[in-house]
Amino acid sequence: MNSAYMNKLLLIDLDTKTSEIISLSEELKEYWIGGKGFGAKLLFDLLPERCDPLGKDNLLMFMTGPLTGTMAPAMRGCIVTKSPLTNAFLDSYFGGRFAPEIKYAGYDGIIIKGKADKPVYISIHDKKIEIRDAEGIWGLDTLQANQAVKDQLKDESFKVVTIGQAGEHLIPFSLICCEYNRQAGRGGAGAVMGSKNLKAIAVRGTNLVKVNDGKRFKAACKTALNDLDKSEDINALKQAGTASAVEFANEAGLFPHRNYSGGTFDKAPQLAEKGQAKHLWLGSSACMGCPIRCSKMGAVRTGRYKGIVTDMVEYESAGLMGANLDIADIRAVAHLVKLCDRFGMDSMSTGSVIGFAMEAAEKGLIDSPDEVEIKFASAEAADYLIRAIAEKRGRLGKLLAQGVKKAAQEMGSTAESFAVHVKGMEAPAWGPRGASGMGLAIMTADRGACHQRAFPIANEIGGEEWQGKTFTPCEIEGKADLVFALQNYAAGTDTLVKCDFGSFGIQPSTYSEMLCAATGKDFKENIFDIVGERIWNLTRLFNLREGMDVSDEKLPPRFVNEPLPDGPHKGERISEQDMAYMKEDYYRARGWDKNGTPANETLKRLGIKGLLNE
């Protein structure tokens, strides 16, 4: 029977310099589907308990979904590992062309274990697997390394992922650059890759991805395109990508300003669509086969940073590397984000770390180096800190390279009061004091502070109904059930691996129909809710096994103790009582006990075998 699965995983052992094929079991496909599901199950089963995230025993996995490599709008990939930033489960997503190429090479995913004794890169050309010397490209930035690998292979058609100097230096928020302008940014997967002495992976494939029922699949994909065409959110993304969210967030009082001390920035329009269009954009671009084309191609055309080729400055980067640092010049922000991309550092975490450092300097807790004054609104200071962090240069660079949590702990309790993170991961650019459900989502996300596991702001601020209910921004009743449902569905569709933006328009029934037509399996429309809840419980068990302290499942003091000083929700905060109520209600909705541990009845209902809490 034809199926969109390739039915093979490629396991590469850097210790022994060998590879082997692992067959996909029917149970893995039935219960976990692909993407995040495959990654969560394999990490739980294969990873030694309490292993060091930067030790040789950690696994680094590149997972595709059953729709990857087809004409469906689900072309992204998923990296799964144990995070060196949070010591917990990590799934980090990327677009571009690398994930489809894994399928074309004949695999549903790549699993890498062990550690090379010197810098290497991996070349995968269908069944031909090579581990090649990379000492000549170690030390290059992500873009230079990408081209160097292609030059060595004498084939530009290879799709390549690389790390930069930050990954080599094991910065715990370093990223993996996936074919130039796409990054798997959050949580430090780049450091895991660097810890294995692995500089790059190059993949080229010549296989076809076949679907079970071509006619049915084409019809389902056409329905998906129609779903997207009807969506106002998708039309906004086609026009301006995520830059379209800047003014929305600012007007709602959710836009981080000066290390999240405020929720509005009077110069936000300069970072939004009009500012970027004026100074950066030249045309639109897309991930492979994507009908949305939410990205842009452009360059800085005037001013100090003239000549920099750039993509769009995404919302999160505009917020955290712009407003959060009190920097309004989009050209400077584009330069800073490009620096992060080339060094291979997550611009979200980096922007948060720099904002923290600027406030610490303002409060007299750290001294500025001789070269530059560390202060808000200084692009020069941000530039200096990016380079110092990536290279672990000097005392300040080494301090901040640990991330906000550990840097604040080293500095003392005063610094911890304005360190904005959850479970060690720096927060996204959606300050939740004006949207309590977003606070709960950030607080309970399986990989630390994250807006992509659930986005209740669409219901709280955007007015979207959920099961016939409407919500006000700051109420706390009912938010647990909303977040529970949104988290499940997001995790379920991350098995495909779908584009987050595609899910703004594509209906659950359409995703289900594409999945059934592609695989030949008879999944119901609610499959993503069921599988998503199963995944969410498995990642919870993983995090508890690896030592997660549930007392850390809370918002940072800034959101709890300091009322918003501005915006439409001025005076609001999420109190200790609010947090306690929402967390208790959330554990109830999930079927977890008061300590946040999944109950046996929940695990049995979800068919999670062999993991009951005896």
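How do the axes of helix 12 and helix 14 cross, and within what distance do they come? The axes of helix 12 (residues 330-343) and helix 14 (residues 379-390) come within 10 Å and cross at roughly 5 degrees. This is a predicted model, where local features need pLDDT of at least 70 and side-chain atom pairs count only at pLDDT 80 or more, while totals for chains, interfaces and linings use all residues. Residues are numbered from 1 along each chain as its sequence is written, and side-chain values use heavy atoms, leaving out hydrogens and water. Helices (H or I, at least four residues) and strands (E, at least two) are DSSP runs, numbered from the N terminus.

**Two helices side by side**

- Two packed helices are described by the angle between their axes and the distance between the axes.
- Axes are lines fitted to C-alpha atoms, for helices over the stretch in contact, and angles run from 0 to 180 degrees between N-to-C directions.
- Helix 12 is therefore roughly parallel to helix 14; angles under 35 degrees count as roughly parallel, over 145 as roughly antiparallel, 65 to 115 as roughly perpendicular and the rest as oblique.
- On the helix 12 side, the contact (heavy atoms within 4.5 Å) involves A332, H335, L336, L339, C340 and F343.
- Helix 14 contributes A379, A382, D383, I386, R387 and A390.

**A six-stranded sheet**

- Strands of a sheet pair through backbone hydrogen bonds, either parallel or antiparallel.
- Here, an open sheet of six strands has the order 8-7-12-9-10-11, and its pairing is mixed; two strands pair if DSSP finds at least two bridges between them.
- Its edges are strand 8 (128-133) and strand 11 (183-184), each pairing on one side only.
- Strand 12 (residues 198-204) pairs with strand 9 (residues 159-162) in the antiparallel sense over four bridges, and K159 stands opposite V203, while V161 stands opposite I201.
- Strand 7 pairs with strand 12 in the parallel sense, over six bridges, and S123 stands opposite A202.
- Six of the seven residues of strand 12 are buried, so this strand is largely enclosed by the rest of the structure; buried means under 20% relative accessible area, exposed over 50%, partly exposed in between (1.4 Å probe, protein chains only).
- Helix 4 (residues 142-153) lies across strand 7 (120-125), strand 8, strand 9, strand 10 (176-178) and strand 12, and runs at about 140 degrees to strand 9.

**Aromatic rings**

- Rings of Phe, Tyr and Trp (its six-membered ring) pair if their centres lie within 6.5 Å; planes under 30 degrees apart count as stacked, over 60 as edge-to-face and the rest as tilted.
- By this rule the count comes to 17 aromatic pairs.
- One of them joins W430 and F455, with ring centres 5.0 Å apart and planes at 80 degrees, so this pair is edge-to-face.
- W430 lies in the loop between strand 17 (425-426) and helix 18 (436-444), and F455 in the loop between helix 18 and helix 19 (457-460), so the pair ties together parts 25 residues apart in sequence.
- W430 counts as buried at 5% relative accessibility, whereas F455 is partly exposed at 27%.
- F248, F255, Y315, W430 and F455 form one aromatic cluster.

**Charges over rings**

- A charge sits over a ring if NZ of Lys or CZ of Arg is within 6 Å of the ring centre and within 35 degrees of the ring normal.
- The charged end of K199 sits over the ring of W138, 5.9 Å from its centre.
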